[in-house]
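Please keep the sequence and the model in view while reading.

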Amino acid sequence: MTVTVPHYGNSFIGLKVLFDALGINYVIPPRSNQTALDLGVLHSPEEICNPFKLMLGNYIQSIERGADTIIIIATNGPCRFGEYASLQQRLLKKAGYSAQFIILNTQSGKKALFEGIKKIGSHSSCSTFQKMKALLLAITAISLMDRIEIKLRYCSGYEKNKGECKRLLQSCYEAVVQTNSAKDAVKILKSFKHSIKSLPLDYNKKPLKIAIIGEIYTISDPFSSNHIEDQLMDIGISTTRSLTPTWWLKDSVLKPFKLNSLSMHRAAKEYIYTCAGGYTRETVGKALLAFKKGYDGAIQVFPVGCTPEVIAKPILEKISSDKSFPILTLIVDEMTGEEGFITRVEAFTDMLERRREKCII
Amino acid sequence: MYYLGIDIGSVSTDFVVLNKDLEVEDHLYLNTQGLPMKAVQEGLKLLKDKYLNEAINAVGTTGSGRKIIATVVGADSVKNEITAHAVAALHINPSVKTILEIGGQDSKIIILKDGIVTDFAMNTVCAAGTGSFLDRQAQRLGIPINQLGDYALKANNVVRIAGRCAVFAESDMIHKQQMGYDTPSIVKGLCDALVRNYLSNIAKGKDISAPIFFQGGVAANKGIKNAFEEALHTQVLVPEHYNVMGAIGAAILAKEALERSGGTTKFKGFDLEAAHLSTRGFECSDCSNQCEVIVIEENGVIIGYYGDRCGKWLHSVKMPS
């Protein structure tokens, strides 16, 4: 058995560590790119979400590299994501690819979920204790990677040597996938995290600060969001992103106890007090938190047809006019022209800069 | 002491030379015709005899071709069209509150408050309400584009044209022609449809208050200006240099940029017209990003790269000082 997983932000690093530690054969698909999207578009219904198409492309690229089992999570309820697995299963079959699916369904009871986990575990020769340890290593790796990314994207506004944060982040991604030892991977991540401390930063700088909000998959995946965070990093803007794989893990674990994302929900209460599907509340909440923390603006990115974010959009417009807090909405899909996207982001950051300069004078 | 601004758009490439008091000394409006490099060389050639290289203190570019042309001419500031248009309008009238801009292939609205851009919108998925569409319809009706507006003013009937989509609008116009409406009324109907589309699409939910500036190539069309005034019930101002406002903004931004950094201009001079400039693209396959990288060459020597996300190609070129 050779397993594979679709891409979702930094999750592949954690999963690679997990499979390495468990001694399971795996294929990590190439990070989402135009080829994956083209493959996905070819085999998907036209009006389905962009993440769906990209994931399908990921599977096909993995199958071409020898994968035969696909592991995917299905969380019924919040949005169409819950239906992804079963639909993708059919589409792959129709397209003539043979692959088995292990669906980790989090909504149809603990039993189904554990069955899926057991199925994966049965392919590893490790003892239960070692398996638990592997899981722990994986979680450590994923949260380290997320923390490194968040820290560097924030620090890029303060860096003394232009482009240093971006280069460090790039070399971290490159280094961590080189090793096939789970322990080494965690070690590498730890050393990168440590090296952030020695980055020369200038705290006297007052960079623009922008919160990246919107659909969870799109903002976590650089290709989907047209590398918006890298673009902002290049021009020395500090960014923060609300949703990451680590956040998702924490949110999923705490959800049954209703202790998940308390701060965002509390902040969102002013405008929306109930779940409207997906992460509408988190998007609204994060925008309001960013405003309270003195951020200069927020950019909402979501794929065409994402209902939860469509609900959030008019709320964000209201927040924008109520609080005089600029929020730019960008909608992406396979038809998005990159140049137009970049122009809009650039115009937005210019606007923020000029707004602020005027304030000082 | 002059400042040069270049706006490389889809339809036109505009040049503006501002004097030290930021007044327009010279302006050119050239057709891009899909060859921005050639248009820029043409423009520089036309300006060459009037100005010395040393007299140019700063150069700025804007428009969709701003980045590539910036490398070629040695620009000091590279800014998007929205900022450039806003800066130019504010320079003429610091109290301007709304800017309606309709260019060749895009249209935008810019909302300003106390001299700062507070909100903007740009057409995203459709170009039905832009200059290219008018161009095509004028051609079809056999009217020179610069007379289209005058035709609209002669209308005595009200004709409603479907304006949601350029193709359907054309079908509707043909239908109205067959029904026997006179050309001026149809042209007026077309102007009204374009304005209706603009206001319900791009300007939706925006607070449009006076003073309102109307700029971009389409502002030459009196029919559209009138239609805007009728729909908004207020006066719409068309600035003197409405068609080169982007270039004016680019020149002012270049001046500001150099004043802030305290450096000198990177302008390569007007002699560029003799150089052999070319661009080619390739797909970098060094990582999974698969960026489309554009190579810019001058007389066979690579002077710049554009489009690589990691900056590996971009930084491989050392700019001659």
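In chain A, the C-alpha centres of domain 1 and domain 2 lie 27 Å apart. Domain 1 of chain A covers residues 2–136 and domain 2 of chain A covers 207–360, with bounds that come from an automatic or database domain assignment. The model is predicted: local features need pLDDT of at least 70, side-chain atom pairs count only at pLDDT 80 or more, and totals for chains, interfaces and linings use all residues. Residues are numbered from 1 along each chain as its sequence is written, chains are lettered from A and ligands numbered from 1 in the order in which they are written, and side-chain values use heavy atoms, with hydrogens and water left out.

How much area do domain 1 and domain 2 of chain A bury between them? The value is about 1,700 Å², of which 65% is on carbon and sulfur atoms; buried area here is the accessible area (1.4 Å probe) that two parts lose on being put together, summed over both. Zero salt bridges are counted between these two domains of chain A, a salt bridge being a side-chain nitrogen of Lys or Arg within 4 Å of a carboxyl oxygen of Asp or Glu. Two residue pairs are in polar contact across the interface of domain 1 and domain 2 of chain A, both at pLDDT 80 or more. A polar contact is a pair of N or O atoms within 3.5 Å; within protein, one must be able to donate a hydrogen and the other to accept it, and residues adjacent in sequence count only if both atoms are side-chain atoms.

On the side of domain 1 of chain A that touches domain 2 of chain A, the elements giving two or more residues are α2 (34–43) and α3 (50–64) of chain A. Helices (H or I, at least four residues) and strands (E, at least two) are DSSP runs, numbered from the N terminus. The largest share of this side of domain 1 of chain A, six residues, comes from α3(A). By residue class, the side of domain 1 of chain A that touches domain 2 of chain A holds nine nonpolar, ten polar and four charged residues. Ala, Val, Leu, Ile, Met, Phe, Trp, Tyr, Cys and Pro count as nonpolar, Asp, Glu, Lys and Arg as charged, and the others, Gly among them, as polar.

The next subject is the interface between the chains. Chain A and chain B bury about 2,200 Å² between them, 45% of it on carbon and sulfur atoms. R344(A), M351(A) and R354(A) supply 26% of the area that chain A buries against chain B, more than any other three residues. Between chain A and chain B the count is four salt bridges, and seven residue pairs are in polar contact across the interface of chain A and chain B, both residues at pLDDT 80 or more. Of the side of chain A that touches chain B, α2, α7 and α15 of chain A each supply at least two residues, and α15(A) gives the most, with 15 residues. The residues of that side of chain A divide into six nonpolar, six polar and 13 charged.

Which residue of chain A forms a salt bridge with K79(B)? The partner is D350(A), with the closest N and O atoms 2.8 Å apart. K79(B) lies in the loop between β5 (77–78) and α3 (81–92) of chain B, and D350(A) lies in helix α15 (residues 338–360) of chain A, so the pair joins two chains. K79(B) is partly exposed, at 24% relative accessible area, whereas D350(A) is buried, at 6%; buried means under 20% relative accessible area, exposed over 50%, and partly exposed in between (1.4 Å probe, protein chains only).

Over all chains, a search of the whole structure finds 31 salt bridges. One of them links the side chains of D234(A) and K166(A), at 3.1 Å from N to O. D234(A) lies in helix α10 (residues 228–234) of chain A and K166(A) in helix α7 (residues 164–176) of chain A, so the pair ties together parts that are 68 residues apart in sequence. D234(A) is partly exposed, with a relative accessible area of 35%, while K166(A) is buried at 9%. Within chain B, K108(B) forms a salt bridge with E101(B), with 2.6 Å between the closest N and O atoms. K108(B) is buried, with a relative accessible area of 2%, and E101(B) is buried as well, at 5%.
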